[in-house]
Amino acid sequence: MAALPAPYNTGDPVAGEAKFAQCRSCHAIAKGAPNLTGPNLYGVFGHKAAHVEGFEFSDDLKNAGLTLDAPTLDKWIENPKALATGTKMTYAGLKNAQDRYDIIAYLATQKDQ
């Protein structure tokens, strides 16, 4: 994960895939998979937030102007409502930094090469 800036380059995508299991109840992460309660997260790394076709995002998230890079995803996974108070995402957040880095590393690999 040398392509990610420190400290995110310490993330383990294999461990992140296992930790992403807690996200799978709301999010698919396969190319072409349908949106679930939350949007499909395949290919979102590095893109603007609220861009997944076919998913109705909250106005707060659409207007937040966020790019889903490592630092933003770190803040989002830790506490989504801190970045977009009116988000539809009900997830309380993940407090362990290394767990977040691992998930971010996994998300960074889930895109077309």
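## Terms and model

A residue is called buried when its relative accessible area is under 20%, exposed when that area is over 50%, and partly exposed in between, with a 1.4 Å probe and protein chains only. The model described here is predicted, so that local features need pLDDT of at least 70 and side-chain atom pairs count only at pLDDT 80 or more, while totals for chains, interfaces and linings use all residues. Residues are numbered from 1 along each chain as its sequence is written, and side-chain values use heavy atoms, with hydrogens and water left out.

## Cysteines

The structure holds zero disulfides, a disulfide being a pair of cysteine sulfur atoms within 2.5 Å. C23 is in no disulfide, and the nearest cysteine sulfur, which belongs to C26, is 8.7 Å away. C23 is buried, with a relative accessible area of 18%, whereas C26 is partly exposed at 30%.

## Nonpolar core

A nonpolar core is a set of buried Ala, Val, Leu, Ile, Met, Phe, Trp, Tyr and Cys residues joined through side-chain atoms within 4.5 Å. The largest one here has 28 residues, and those with the most contacts inside it are L4, F20, F45, L61, I104 and L107. Helices α3 (70-78) and α5 (97-109) each supply at least two residues of this core, and α5 gives the most, with seven residues; helices are DSSP runs of H or I with at least four residues, numbered from the N terminus.

Leaving aside neighbours within four places in sequence, F20 is in contact (heavy atoms within 4.5 Å) with H27, I29, L41, I103, Y106 and L107.

## Largest pocket

On a 1 Å grid over the protein atoms alone, a pocket is an open set of points where a 1.4 Å probe fits, with protein on both sides within 12 Å along at least five of seven lines, and its lining residues have an atom within 4 Å of a point. The largest pocket is lined by 31 residues, of which H27, P39, L41, W76 and M89 lie nearest its centre. The elements that give two or more residues to this lining are α3 and α5, and the largest share, three residues, comes from α3.

## Helix α2 and D59

D59 lies in helix α2, which covers residues 59-62, and D59 is exposed, with a relative accessible area of 52%. The C-alpha atoms of D59 and T87 are separated by 7.9 Å, although these residues are 28 residues apart along the chain.
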